[in-house]
Each structure stands twice: as structure tokens, then as C-alpha cells.
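Reader: I would like to learn how to read the packing of helices and the local backbone in a model such as this one. Could we go through a few features together, with the general idea before each case?

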Amino acid sequence: MKLDLKLAGCRALTMDPARPAAHTIGIWQGRIAGLDEQVADLPAAETADLGGAVVLPGFIDAHTHLAWNGRRTIDVTGLDTVALVQHALANAPGTAWIEASGYDRRIMDRPLTAADLDAISGVRPVYVADLSGHACVVNSVVLRQLPGITSDGWLTENEQLAARTLRLPYSIEEIVAELRRSADQALAQGVTMCAEAGIGAGLIASSPLEAAAYQRARLPIRMQLMVSAYVLHDVAADPADGIARAIDLGLHTGFGDDMVSLGAMKLWTDGGMIARTAALSEPYAGTENVGQLAESEEFMRAAIIDGHNAGWQLAIHAIGDRAIDFTLDAVARAQSARPRADARHRIEHCGLVRPEQLERIAALGMVPVVQPTFLWAYGDDYSEIMGPRRAPWMYRGRSFLDHGITVAGSSDRPVADGAPLRAIEFMVRRRSSSGRAVGPDEAITVEEAIRAYTLGSAYACRKEHVLGSITPGKLADLVVLGDDPRTSDAIADIPVLATMVGGTLMPQRSA
């Protein structure tokens, strides 16, 4: 046997408990052929000496939005006055929609309104997306097309979706370009696989033909596509199948190959903390607002049960503890009626978890897919709106692991920094960008944090048999780092030297 590539002189943290470390990695036909003595005597078409560099399994981002992240809209991130936002939008090219992103109502001198946007254009529709993805501000041109909605321009959740639907769809060509821009960014951060969290319909969707864009794009990273629950429709299946609703041809989780596949079915049960729409059991501190559920309980429960019965893994967006209560109740009901031992249903975000909810998550075998960088970026704000009693419950780490719950790491890019090393540092340090401690008792070890972004995310995506560790037989997805996260004082600043997908070193175009 002749290897395609032999990586020598490396310090590999394999994430495989059977062989935790290695110094030589043999690669053949895109897979790990063996380690150290297993490949020492085998010839190779190419040998690369990494000079002691650290090698990890490629990072897996289990919840992200590549099309949204790569979209070329006017960026108003960090702008904190109405005048600055208006200046950014002035003289927007073209004659169609004026679209902006990154708006943060919390930092503004006053909230942006439709009247402010009318001053930019009273003819063209203007849509300014909130940072969270759960809200927007629109001008009167848009409001006039939304009968029954009374607003000063600020729209959240379903009202926001109604406004966004007026703009859709984006073309397949546009989506392909967006995906390619984002894939380059992910590669530069050591990410070798992403799970796109909601295509086809719903808050983040770009087109009813969205999956075609992923097929056409032929991205350099692996993609798993979560299909929105909104695209389920009635099917005339044999009653013995027990499937009332499905997508066309009965496709469900697992269809596809190692580069592009269908993942979980995505359902939203509440909003977000930035927009103050995450559904809580107690109000946001200092207010009477308890957030909101995304849809009627009947609609969401039916989607969970029908998706479960149709063979889908479920990815249920639930940030607030009230939304998590609903999710756990609905999944328990689905499992009771039709048990699936390894359904591996996921809770996307799982942002505020009361202590008594931990046992229920573990008992149902659900996987929290967390975004630690939310608390690095927004931890100060989130701590204030939760108050001192609840703040330690946010985006847990140690409590999940102590209850035997598998934790999957993700970014929700572009809502927060997509770099896994930034998230790993937060999981270990539990400090926001200002240095504030956020749930310090939830800190985990460096190796546990790395596991969340490798084996944990692979498990959440049902790919642990081929990804997540440097193990013979698995796909050769690797990231080469300039320092060891286990000993570094600045994990987020460690340079990513190279990223490999399927045994091929990928060009690092942008971070």
C-alpha cells in the first residue's frame, strides 16, 4: 500500500480515547489510513513535516447560516445613532430593495423607525435586519404591503417574516456566491463542516429552491442542510407507514453523501435574547415581558410529532426556558407514541436552562447545540436581562456534561463570531469580551471544549462514524494550529495554519 500523504512531525490531539495522541498521520483516498507505527514503514506519494505543529480534527459548526452570512447588504454593525444609519443607507445603488444588516437597537441613541427610513426612500422598499435575525425595521413602502400590521417600523418574529417574504426569493446564483464567500471564511477558521440551520422556508430561508444552490456551489467544506418544518406537507402514504406529512419523495435526515446531505428538520419555538423575544417562564429583568412562542402550541407540537414519525432528526430552536419546557414536553409525547431509540433530537441554542430541566434533557437523549460566543459578545447584556439568579443558567457547559449530555458547538454565524477557537476559549474561561464572568461554574476543560466542536458536533449531525476524531477509517478532515490550545493563554488568537478536507489542503483565503 502506498499512502497519498504522510503528515510527520505533528502533535495531534486525536479526540479518540483509544489513541489520544499521534505524531504521524497517514492518509489514503481521503481517509485516515493509520497513525504512528501503523504507517511508519509505508511509502507515501508525498510527505510533509509539520515541524511540531498541533493537529486537531477539523472543526464542525453544527448550527450556522452561510447564505445569510455571505449576503452583500449594507453593513450597519456598530452604528449607534439614527443619523449614522441613515448616512450608511443614503445613495444605495440600484432601484430595488435597500437591504441592510447588523442593526442593534440596544445601542442606538433612539430606535430607528419607518419615518427615519422614509427619509432615505419613500419609493424603494427598505429593510434593515436586526443583528439577531428575529427582528427588522422597515419603511412605509413595506408596511403598506402588510395589511393588519400596525407598527412604527419595528417588526419581530412572524411580522418580520411577513416583511422578509415580500423580498424573497433570492436567485440560486446569488445564493451560490454567498455560500462561497462564507465557506472561505469558515475554512480560514479551521471549519471543515457546517450545518445550515433552516432552508426552504422560515426566518432564515433564501429560496424554495435553496438546496439546489448547495448542489451547484460545490463548496470546499462539507454541508448538512436542515430543512424547515414549514415545508412539510400532507402526503397520501400507506396508513401502515404512520407518516401524515413529509417533504417530496419522503426524503429525510441522512439523504445525500459526505459533501452535501440532509440533516435535521428545523423548527422555531421562540425568538432570541437580543430581540427580547425568547420565551421565558419569568419576565426579563425589570420588565413584564416574557417573550413569545414562535407559533401556536398546536402547530409546533404537530410539526414535532409529524417530523418524528416521518423519520427526521429534529433541530428545535428553543432559547428561553419556557420554549425548552414546550420542546421537552412535545418530544416526550412523540417518543411515547412512537419510540425511536437513537432519534438524537437536538435543542438549538438551549440558551436558558433551569436546573430541573437538565435531567429531562438527559432522559430524552437530546443534544444541546450551543453558541458560546453569544456570551463572549453579548454576555454583559444577557446577564443584565436575566438577572443574577438566572444568568448562571445561560448556555451551560459543565452542567450538561455532568448529566451525561453530549454538547455540540456552533456559532449561529453571522449573529456572532464564527471562529471555533473564540468559542472554545469562552467555554474554558467563561468571560465576556469586557472581562465579565458569565456563569463561571459552567466552565469546562480545553479538551472538553474541543470535543464539543469535533466529536460533539459530529454526533449532533449523525456523522461521528466518519468525522470528529483522527481515527483510522475516518475522513481526513484536519486543522493545523500554530499553538496548543491546552497550554495557550490566548486560545482565540492561535493562528490556523492550514485546513484539510478529505485529505486535501484547502487554500486559506480570508478569516
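**Helix pairs and backbone features**

Author: Helix α13 (residues 420-429) and helix α14 (residues 446-460) pack with their axes 9 Å apart and at an angle of about 140°, which makes α13 oblique to α14. Angles under 35 degrees count as roughly parallel, over 145 as roughly antiparallel, 65 to 115 as roughly perpendicular, and the rest as oblique. This is a predicted model, in which local features need pLDDT of at least 70 and side-chain atom pairs count only at pLDDT 80 or more, while totals for chains, interfaces and linings use all residues. Residues are numbered from 1 along each chain as its sequence is written, and side-chain values use heavy atoms, with hydrogens and water left out.

Reader: How are such helices and axes defined?

Author: Two packed helices are described by the angle between their axes and the distance between the axes. The axes are lines fitted to C-alpha atoms, for helices over the stretch in contact, and the angles run from 0 to 180 degrees between N-to-C directions. Helices (H or I, at least four residues) and strands (E, at least two) are DSSP runs, numbered from the N terminus.

Reader: Which residues of α13 and α14 meet?

Author: Contact means heavy atoms within 4.5 Å. Pro420, Ala423, Ile424, Met427 and Val428 of α13 meet Val446, Ala449, Ile450, Ala452 and Tyr453 of α14. By class, this contact of α13 with α14 has ten nonpolar, no polar and no charged residues, where Ala, Val, Leu, Ile, Met, Phe, Trp, Tyr, Cys and Pro count as nonpolar, Asp, Glu, Lys and Arg as charged, and the others, Gly among them, as polar.

Reader: At what angle do α6 and α7 pack?

Author: Helix α6 (residues 172-188) and helix α7 (residues 210-217) pack at an angle of about 55°, with their axes 9 Å apart, and α6 and α7 are therefore oblique to each other. Ile172, Ile175, Val176, Leu179 and Arg180 in α6 meet Glu210, Ala212, Ala213, Tyr214, Arg216 and Ala217 in α7. The contact of α6 with α7 has, by class, eight nonpolar, no polar and three charged residues.

Reader: Which residues of α6 are buried, and what do they pack against?

Author: An α-helix has 3.6 residues a turn, so residues three or four places apart point the same way. Buried means under 20% relative accessible area, exposed over 50%, and partly exposed in between (1.4 Å probe, protein chains only). The buried residues of α6 include Ile172, Ile175, Val176 and Leu179, and the buried residues of this helix pack against α1 (66-70), β14 (191-199), α7, β24 (496-501) and β25 (504-506). Just after α6, Gly190 takes a positive phi of about 85°.

Reader: Where is a cis peptide bond found, and which residue other than glycine has a positive phi?

Author: Most residues other than glycine have a negative phi, and most peptide bonds are trans. Here the peptide bond from Arg413 to Pro414 is cis, with omega near 15°, and Pro414 is found in the loop between β22 (408-409) and α13. Asp412 lies in the loop between β22 and α13, and its phi is positive, near 60°; at 6% relative accessibility, Asp412 counts as buried. A cis peptide bond also joins Leu168 and Pro169, with omega about 0°, and Pro169 has its place in the loop between α5 (157-167) and α6. Glu157, in helix α5, has a positive phi of about 50° although it is not a glycine, and at 4% relative accessibility Glu157 counts as buried.
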